[in-house]
Amino acid sequence: MFRIFLPLAFAASLLFAPFYSYTVNDEYAGELTSELTASKMFIEDPVNCARNMEFNPTVEGCGPNENRGLLGWAFYGAAASSVAAGLLGVIGLLPFIGRLTSVITTGAGGISTGAVGWFMVDLLQSGNFAQMAWGGWVAGVLALLTLVAGFNGMSGDRD
């Protein structure tokens, strides 16, 4: 069950949990704080295209945010592989297929951990690490747990 819920929880954290918060000082309104999700920063267009059943990232307007470069593609890969791992995890409930879906879950966990880790290192290098919101930490933990759940499933243990 963990191989199903952990990747889907990671994908949900990208969509709904705040990853980055910033404060703007306005002359009239004062200090305003805003929070952005990973979906809003990196993969807003692919999410909108997926809602319209268009899954090709090379189609104009369906790829990750072009201003984010390879980090946007990393988050796209993390989201896509996590959703795929969660959906294929249902098939993995069958005893003879379980280890095959564990490989996909392990891959999704590795890609997800790498994307969140890269985001953290990028924030650290730019001096904005304090602006990382709680959703980034939750996504990092869920990515690591997805990786562990995939490894655990490959060892033959039932979850």
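**Exercise 1.** Work out which element gives the most to the lining of the largest pocket, and how many residues it supplies.

*Solution.* (A pocket is an open set of 1 Å grid points where a 1.4 Å probe fits, with protein on both sides within 12 Å along at least five of seven lines; lining residues have an atom within 4 Å of a point.) Next, look for other contributors: α1 and α3 (44-51) join α4 in supplying at least two residues each. (Helices are DSSP runs of H or I, at least four residues.) This is a predicted model, with local features needing pLDDT of at least 70 and side-chain atom pairs 80 or more, while lining totals use all residues. Numbering runs from 1 along each chain, and side-chain values use heavy atoms, without hydrogens or water.

**Exercise 2.** Find which residues lie nearest the centre of the largest pocket, then sort its lining by class.

*Solution.* Of the 20 lining residues, go for Pro46, Ala50, Ala79, Ala80 and Val83: they're the ones nearest the centre. Now sort the whole lining: you get 17 nonpolar, 1 polar and 2 charged residues.

**Exercise 3.** Switch to the second largest pocket and find where the largest share of its lining comes from.

*Solution.* Check the helices: α5 hands over 5 residues, the largest share. Then pick out some names: the lining includes Tyr20, Met41, Phe42, Leu71 and Phe119. Now follow Phe119: leaving aside neighbours within four places in sequence, its contacts (heavy atoms within 4.5 Å) are Phe19, Tyr20, Met41, Phe42, Leu71 and Phe75.

How values were computed: Ala, Val, Leu, Ile, Met, Phe, Trp, Tyr, Cys and Pro count as nonpolar, Asp, Glu, Lys and Arg as charged, and the others, Gly among them, as polar.
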